[in-house]
Amino acid sequence: MENRSNNIAAHLPRMAELQPQTAALHIPQTKSNGYRSYTYLELENESNRVAYALELSGIHRGMRVALMVPPGLDFFALTFALFKIGAVPVLIDPGIGVRNLKTCLAEAEPQAFVGIPKAHAARLLFGWGKATLKILITVGRPLFRCGKSLARLSSSVPAEKKYRPAQTSADETAAILFTSGSTGPPKGVIYTHGNFNAQVEQLKRVYAIEPGEIDLPTFPLFALFAPALGMSSVIPVMDFTRPGSVDPRNIVQPLQQFNATTMFGSPALIRRVGEYGAKNGITLPALKRVISAGAPVPAVVLERFDRLLREGIEVFTPYGSTEALPVCSIGSREILRDTRQATDRGEGVCIGCPVPDIDLKIIRISDEPIAEWSDDLVVADGEIGEIAVSGPQVTQAYYNRPQSTRLAKIRHRAGQACYHRMGDLGYRDSRGRIWFCGRKSQRVECPDKTYYTIPCEAVFNSHPQVFRSALVGIKRDGRIQPVICLETPSRVGGKEQARILREVQSLARQHPLTADLRDFLFHPGFPVDIRHNAKIFREKLAIWAQGKIK
């Protein structure tokens, strides 16, 4: 079946035609503790029925639809149905918190809300979307004031009725995906059908993914790519908003049962599964690749997980963001054999070379908007600057955030797609590889020196009793002063803490980057983002440190 439109949903009917009896989804069943499988043909038919049902409720092309349904058959069928209609799903991670959810929904201005009863209850309790919502649909048993039942709407549609997806253009809005808000308020990223299709092609190309493979995704957005790539998606039993607290048995068991060839997980999830696997002698011989994103993955975590894999199989750590993904990629083999030593010396974290079709520049550091691109913005190789990227998978704007768009986007004078400023700092080495040095907003600018988080922290993270460290800036006597916060794997105090402090101070003196750092604080447990359980909220730590050091 030729995909004559750019509609991202067109991948599903194509796969249903190419491999109709191949399993598209394996969904865990609570009552039986087993899995229910759905073929590509079944998923295609269900998404068609749901598309007709949504249209019966009044949902149409271009309408923004807040979608709050956990990963499962309904989630996949609904998302592809909305794409087929040409409606715009609004996807927000519920882990960002009630207050942020309300703000995000107010900004996205959805006209329809499709959710499970729990989501509708929260909507009523906290007043989400009151100003704009006109259509309410419940997935599951409807509650009072929760609108129409999706099951009831779908029941009036013949089981195998075909649906013709909207012939969308590449630059037509496909979805609004909200950032995690780990370094600022969550922002709604406008995804076009062209952006999604470019992501699918890049993932296929960079990681050599083929139809018929089996994927275990632990992040809902990545779960959506599996059907588009022709993979069978195994949905694990877990709280998708808290990957760092996953029961590793619930990941290992389906990996082994279904002989999964691909797994995606946050650094915190990879760490938990790796520790469990090492302790219990687990091997995962069917895996062809493991992908971990969201934050830098420590070399020790990669090393431990690598032992679960067969010879030659790697953990890949793509670099990117909600606004642009993937941008770069590197495998555990190169990290462990080559770049980890440089990272421990404070040279940053190597994130690999840019993926095909990505134009990546390192530009001078500025906190001000840059209206138009100029080659004069680019800094020399080896110099730290801000990472800026352009390419087909790079989004062009935020929804209802014009100031954020001005700060993040640089218009290209030739009329080409804009450059997106990643908000990350890094440099390019002589081999064309990019080294990540931390968030621009989290650099600590002192009168005589600028400190970058990742290079400084790597020095202290090399200590065996430092779980992680964080560079923050505080004000003292009217000047900005750097402070290093330390988190240990378990609580320490007294002589033990004093010993660790002496050793950390000795490490600092051995490195030019950190030799003049004087203030160290032990913190009981860093605040981190809930999505990846790895991005440190250094802004919150800075407030805490300010109260500790007078």
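Colleague: Is Arg443 buried or exposed?

Modeller: Buried means under 20% relative accessible area, exposed means over 50%, and partly exposed is in between, with a 1.4 Å probe and protein chains only. Arg443 has a value of 13%, so it is buried. Before we go on, this is a predicted model, in which local features need pLDDT of at least 70, side-chain atom pairs count only at pLDDT 80 or more, and totals for chains, interfaces and linings use all residues.

Colleague: Thanks! Which residue forms a salt bridge with Arg443?

Modeller: A salt bridge is a side-chain nitrogen of Lys or Arg within 4 Å of a carboxyl oxygen of Asp or Glu. Here the partner of Arg443 is Glu445, and their closest N and O atoms are 3.5 Å apart. Salt bridges with shared partners also tie Glu334, Asp338, Asp429, Arg431 and Arg433 into one network. As for Glu445, its relative accessible area of 45% makes it partly exposed.

Colleague: How many salt bridges does a search of the whole structure find?

Modeller: The search finds 29. Let me show you two more of them. In one, the side chains of Glu46 and Arg49 meet at 3.2 Å, N to O. Helices (H or I, at least four residues) and strands (E, at least two) are DSSP runs, numbered from the N terminus. Glu46 and Arg49 are three residues apart in helix 2 (residues 40-57), so about one helical turn separates them. Arg49 counts as buried because its relative accessibility is 18%.

Colleague: And the other one: where do Arg289 and Glu213 lie?

Modeller: Their side chains form a salt bridge too, at 2.7 Å from N to O. This pair links distant parts of the chain, 76 residues apart: Arg289 sits in strand 13 (residues 289-292), and Glu213 in the loop between helix 7 and strand 10. Arg289 is buried, at 5% relative accessibility. Glu213 is buried as well, with a relative accessible area of 5%.

Colleague: Now for the inside of the model. How many cavities of 30 Å³ or more does the structure hold?

Modeller: A cavity, on a 1 Å grid over the protein atoms alone, is a set of points where a 1.4 Å probe fits but cannot get out; lining residues have an atom within 4 Å of a point. Grid points are joined across faces, edges and corners, and a volume is the space filled by probe spheres set on the points. The structure holds three such cavities.

Colleague: Which element gives the most to the lining of the largest cavity?

Modeller: Helix 8 does, with four residues.

Colleague: Which residues line the second largest cavity?

Modeller: That cavity, of about 80 Å³, is lined by Ile8, Phe80, Phe83, Phe196, Val200, Leu221, Leu224, Phe225 and Ala228. Helix 3 (73-85), helix 7 (193-207) and helix 8 each supply two or more of its lining residues. Helix 8 again gives the most, with four. The lining divides into nine nonpolar residues, with no polar and no charged ones.

Colleague: Let's finish with the backbone. What is the peptide bond from Leu325 to Pro326, cis or trans?

Modeller: This bond is cis, with omega near -5°. Pro326 belongs to strand 16 (residues 324-329).

Colleague: And what is phi of Asp357?

Modeller: Phi is near 75° there, a positive value in a residue other than glycine. Asp357 lies in the loop between strand 17 (349-354) and strand 18 (359-363), and at 51% relative accessibility it counts as exposed. Asp477, not a glycine either, has a positive phi of about 55°. Asp477 is in the loop between strand 25 (468-476) and strand 26 (479-487), and its relative accessibility of 74% makes it exposed.

Conventions:
Residues are numbered from 1 along each chain as its sequence is written. Side-chain values use heavy atoms; hydrogens and water are left out. On a 1 Å grid over the protein atoms alone, a cavity is a set of points where a 1.4 Å probe fits but cannot get out, and a pocket is an open set with protein on both sides within 12 Å along at least five of seven lines; lining residues have an atom within 4 Å of a point. Ala, Val, Leu, Ile, Met, Phe, Trp, Tyr, Cys and Pro count as nonpolar, Asp, Glu, Lys and Arg as charged, and the others, Gly among them, as polar.
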